[in-house]
Amino acid sequence: MGVEGIGAKVLRKEDRRFITGQGRYTDDMSVPGMKYAAFVRSPHAHAKITSIDASAAREMPGFIEFLDGQQLKADGIGNIICGWAVTSKDGSPMKMGAYPALADGIVRYVGQPIGIVIAETQAQARDAAEGVMIEYEELPVVVNGPDAMKAGAPQLHPEAENNICFDWELGDADATAKAFENPAKVIKLDIVNNRLSPNPIEPRAALGHYNSAEDHYTCYTTSQNPHVARLVMSAFYNVAPEHKLRVIAPDVGGGFGAKIYIYPEEIVCLWASKRTHVPVKWTSDRTEAFLTDAHGRDHVSDVEMALDANNKILGLRVNTVANLGAYMSLFSSATPTYLYATLLSGQYNIPAIYANVKGVYTNTAPVDAYRGAGRPEATYVIERTMETAARELGMSPAEFRRINFIREFPHQTPVIMNYDTGDFEATMEAAMKTADVAGFEGRRQEAKSRGKLRGLGMSCYIEACGIAPSKAVGSLGAGVGLWESAEVRVNPVGTIEILTGSHSHGQGHETTFAQVVSQRFGVPVDNVQIVHGDTDKVQFGMGTYGSRSGAVGCSAISKALDKVEAKAKKIGAHLLEADEGDIVIENGEVKVAGTDKKLAWHEVCLGAYTGHNLPDGMEPGLKEGAFYDPQNFTFPAGCYICEVEVDPDTGVTEIVQFVAADDFGNIINPMIVEGQVHGGLAQGIGQALLEGVNYDETGQLVTASYMDYAMPRAWDLPMFKVETLVTPCTTNPLGLKGCGEAGAIGSPPAVMNAITDAIGNNDLTMPATPEKVWNAINAVN
Amino acid sequence: MSQVSMTVNGRKVSGECEDRTLLVHFLRDNLHLTGTHVGCDTSQCGACVVHLDGKAIKSCTMLAVQASGSDVTTIEGIANGQDLNPVQTAFKEHHGLQCGFCTPGMIMTITDMINRHGSDLDEETVREELDGNICRCTGYHNIVKAALDAASKMGTPQQVAAE
Amino acid sequence: MYETSYQRPTSIDEAVKLLGDSDGEGKLMSGGMTLIPTMKARLAMPTSLIDLRHVAELKGISFENGRLKIGGGTTHAEIKADATVKQHAPTLSYLAGLIGDPAVRHMGTIGGSVANHDPAADYPAALLAMGATIHTNTREVVADDFFTGMFETALEENEIVTAVSFEPPQAAGWEKFRNPASRYAMAGVFVAKRADGSVGVGVTGAGNAGVFRWKEAESALGSNFDGSALDGLSLSANDMMGDMHGSAGYRANLVKVVTKRAVASAKR
């Protein structure tokens, strides 16, 4: 490895602009003549709109235009789509309720956009939005998933009887039933996975600009996948033809899933720009973000695990109700199904698994993928159950896991996944060593002497990244392929531009992707430029989510580099009068192996562009592209151990130690990987201790600002102890598995296992607020 | 509307704005200093922190007219030409940022912290005084490390000047 | 935020006049740390904002005739760092250093906090516990009479809090249990052993009628200034605030726990 190649701790190239205030985010963009938008939103969770009167607003200072759903419909703007068609167990397609970008007669959640006001300034737009008078006829409301399925519950969409969008299953019901026929023991658990708000600190924003002279559209937007946004806005929403639409996702201030989807606001801003002939910018405030950014999680499950007399798992049965919110978001059907139940085997040999998932509509914001997307829910189900089982058996949680670990690879689970590689015992042993599990009892006693309850919790997670292959996901209902693209442009002077379909919103691609190139040719990372986030510059690509940029995005780059390398070697061989097979490229030189014959990298590049002396028939230039479609998912896995101290007088939990031992396969930049783990852990710990979206029974969002939604702050978190072990992924060229979501996937059960261990009461839901913990302590004393 | 004049990053500036205009919007929209960000509506996230007459304040919780006559320093004004200030350097060296959106506020808050605590700054104080700055990417681990490293390089001990 | 009109007086008299001229539609603003967020949320719409930050008469900290006096325009950061406050009322200095965050402490003032009387504000608990006096441009009011209810005080129209003063307690403790989201007090207790030997216990963030004195705890601690003196006491959940962050019953427990801890931490 070179000092800047794969595996090196290279400081981030992108940092300078961010630490000097030169980052360029969507709200930083302005174009001449730009005006400002504010959305008129529903204050009701479920209501008929009986009238809309904008006459007062039209008289207000700075007012330019008000548009609503009627005009949107008249202009043929299509409804919001769901990109994954899930089929219910009876063979029927999912029941999708119509979701117009501006409400069409009925509103189904608080914050749903009804109209857009455009004015000279942002403040005037907000003033005028308040001046739009709307009359409603309120309808009954349901906010909770299981309640929505009950007889007599308010019905959201005529298509979906009992609010059930799909009733889906995975696994072998008969084989699983058999496993439960004669078990030595059955472990049962009811599990709630709390609803979360993703909360990237940069709020969503969109700047739509229609240029009538060119008949061309530009949309700056806070997106994790600008090409997907362009495709969907053109092909499904009819806002602009694809070849006349440029979508730019510039610097994006965090995504976490929330910025995958194409929301009503960017569609409407672009459409409104054409209607009003002014560029239109909208920037969400934080309350709008809480109301309308797609939420995550919100599962209610019952779990049963059957064990034999040797404490080996015989079968697992899970029934889950997944709250979809009022409408289906872009990947809302896949998240609680194929991204969830397929991971229910965890790290364990489980011969039979059956999962049933009911996706239900409620009068709440749409729910979709949030960091981890389905895998945190699966991990929480398994790892809470494993810990509970060990406690009920009187075994150490480590020993119970040890006797059930999968040890041979590849391993086919009963729920689709085929794990290519891993070493689950190794990560568990590493974590236990770092966490000094052996010394825990002593620490527990010491804590007791100070009046504190100390507990230890473990979580052995496995997740699936780089969702793939396209053919397989297509057969399961996906509306898109899940490959990635790359183009490598070598300039005549030897510097290199990488055009990638991946999008960086904090992940550090400008550095890590350059390291992949540096590794290949020995050029400094400073000579490599990563270009992304602009559909006019970069070829079609699928974007960044699901920890796919390394496993899929870098694989595409690697494939394109293969082609560049092959051509450069041909040119080098020709110039050096050597056999192509003897050429090596390293340290910025093109050499004949075993001799001192060599050319500088830039000499070969220049040669490619002068074309003065190329092999017969070779085209000039040095530029190659590749599309990479994975053969399989990748399977990061690891073990997290959390140690807590609970104050029995107040119920406050302090995380006194958190150890993470992860296997992400090969690693490009350990500094960035550690950073990804830290951030994921903070979000997982946030879910376990602090965060929870809370609607009251009328559908009003109680947690609509940071005054009520508890975000993890520096004070809430410890210094993390993070280490990595490596079993390289066997199915992609760089052996990468992905590291972006593991922290958020693996940590919630570790925290909850630790708290329940400390207080001696397993009946506790997330977030484990001080009051809940205090009540749980009092319930057993 | 009011006429507003202030010194921003050492340069005298003035402009006209509505009295309700927040300082952060004056900086971003009138002066095009877009390094100062807005991440919440409730004065809690700290993405908007700047220095007013040498002290960290939330520019989303102050009117531009209130700041008229004052000396404002933003993230754009703390490096010395091409030379980063020690907090900026520490953020880069310790990977104290990911998406970069909270970063300007973090750096301004931590610079203020070091101005008050000097090299005595410890982890507990850093975590306590980051109460008003929210980061969603880093888990704060590397931000805390960056703050402590910068303090050791920048601060003098016992530098407890009047706040 | 609705449009407003900003005014910057440099004297108390000028501020009072501007306030009078606003026909009840104007608002005094000291640090603005509560008022501006409230206006941003469009929950307040004063037609004029009268900025007290440039009124020199509201500044300053002094110790005279056995009383510590703090000008209403003094910021939390100044109270935290001031040597005179540290000498005579170190617990108040500690309290000031835990209000909000550093940026809020650089702007927010004791006068603004006292006049606003948020039910989770910190100073009112301390002032009640210490038996402080609130000075206005027209009179002096003892804390017990000043804080009349949630967001309510004895302030008349056109009256400005100019200072607070108190006789430093022999010992005092401050303990705050913070709301995990807002970081305001869910139960904040200031315990003061006053110069005359009596004990004051001021509680913020927990009561359903705002900041209050826990009189039973005061008398128990008056005869035995030790946390164990509270063992037999309890607060009624009926008097506590309940919300998604903590039920009234939980807060009743918290107040007791936090009071004990404030006593344990009490120092000169």
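1. A crossing of two helices is called right-handed if the near helix is turned clockwise from the far one by less than a right angle, and left-handed if the turn is anticlockwise. In this predicted model, the crossing of helix 10 and helix 19 of chain A is right-handed. The axes of helix 10 (residues 375-393) and helix 19 (residues 742-759) of chain A come within 8 Å and cross at roughly 30°. Because angles under 35 degrees count as roughly parallel, helix 10 of chain A is described as roughly parallel to helix 19 of chain A.

2. The residues that bring these two helices of chain A together can be listed from both sides. Helix 10 of chain A contributes Arg375(A), Pro376(A), Thr379(A), Tyr380(A), Glu383(A), Arg384(A) and Glu387(A). They meet Ala744(A), Ile745(A), Gly746(A), Pro748(A), Pro749(A), Met752(A) and Asn753(A) of helix 19 of chain A. By class, this contact between helix 10 and helix 19 of chain A holds seven nonpolar, three polar and four charged residues.

3. Helix 3 (residues 103-117) and helix 5 (residues 141-154) of chain B have axes that come within 10 Å and cross at roughly 40°. Helix 3 and helix 5 of chain B are therefore oblique to each other. Helix 3 of chain B passes helix 5 of chain B in a right-handed crossing. On the side of helix 3 of chain B, the contact is made by Met106(B), Ile110(B), Met113(B), Ile114(B) and His117(B). Helix 5 of chain B supplies Ile143(B), Ala147(B), Ala150(B), Ala151(B) and Met154(B). Nine of the residues in this contact of helix 3 with helix 5 of chain B are nonpolar, one is polar and none is charged.

4. Chain A contains an open sheet of four strands in the order 21-20-19-25, with mixed pairing. Strand 21 (528-531) and strand 25 (623-628) of chain A stand at the edges; each has a single partner strand, so one side of each is left without a neighbour in the sheet. From one strand to the next, the twist averages 15°. Within this part of chain A, strand 19 (residues 484-490) and strand 20 (residues 496-500) run antiparallel and are joined by five bridges. Glu487(A) has Leu499(A), in strand 20 of chain A, as its bridge partner.

5. Three further strands of chain A form an open sheet in the order 22-23-24, with antiparallel pairing. Strand 22 (583-586) and strand 24 (598-600) of chain A are the edge strands, and each pairs on one side only. Neighbouring strands of this sheet are turned by 20° against each other on average, direction ignored. Four bridges connect strand 22 of chain A to strand 23 (residues 589-592) of chain A in the antiparallel sense. Ile583(A) stands opposite Val592(A), which belongs to strand 23 of chain A. Helix 17 (residues 601-610) of chain A lies across strand 23 and strand 24 of chain A, and runs at about 80° to strand 24 of chain A.

6. Where chain A meets chain B, 43 residues of chain A are in contact with 45 residues of chain B. On the chain A side, the elements giving two or more residues are helix 1 (15-19), helix 9 (286-292) and helix 18 (670-689). Helix 18 of chain A gives the most to this side, with seven residues. The residues of chain A that touch chain B divide into 21 nonpolar, 14 polar and eight charged.

7. Chain B also meets chain C: 25 residues of chain C are in contact with 26 residues of chain B. Strand 1 (5-7), helix 2 (35-40), helix 3 (76-81) and helix 6 (102-107) of chain C each give two or more residues to the chain C side. Helix 6 of chain C gives the most, with five residues. This side of chain C has 13 nonpolar, five polar and seven charged residues.

8. The feature "domain: Aldehyde oxidase/xanthine dehydrogenase a/b hammerhead" covers residues 20-140 of chain A according to UniProt. Over residues 20-140 of chain A, the chain is 16% helix and 29% strand, with its end C-alpha atoms 51 Å apart. UniProt places the feature "domain: FAD-binding PCMH-type" at residues 1-171 of chain C. Residues 1-171 of chain C are 35% helix and 23% strand, and the end C-alpha atoms lie 44 Å apart.

Notes. Residues numbered from 1 in each chain as written. Chains lettered and ligands numbered in written order. Predicted model: local features only at pLDDT ≥ 70, side-chain atom pairs only at ≥ 80, totals over all residues. Pairing = 2+ DSSP bridges. Axes fitted to C-alpha atoms, helices over the stretch in contact; angles between N-to-C directions. Contact = placed C-beta atoms within 7 Å. Nonpolar A, V, L, I, M, F, W, Y, C, P; charged D, E, K, R; others polar. UniProt positions renumbered as here; feature names shortened; annotations may be inferred. Parallel < 35°, antiparallel > 145°, perpendicular 65-115°, else oblique.
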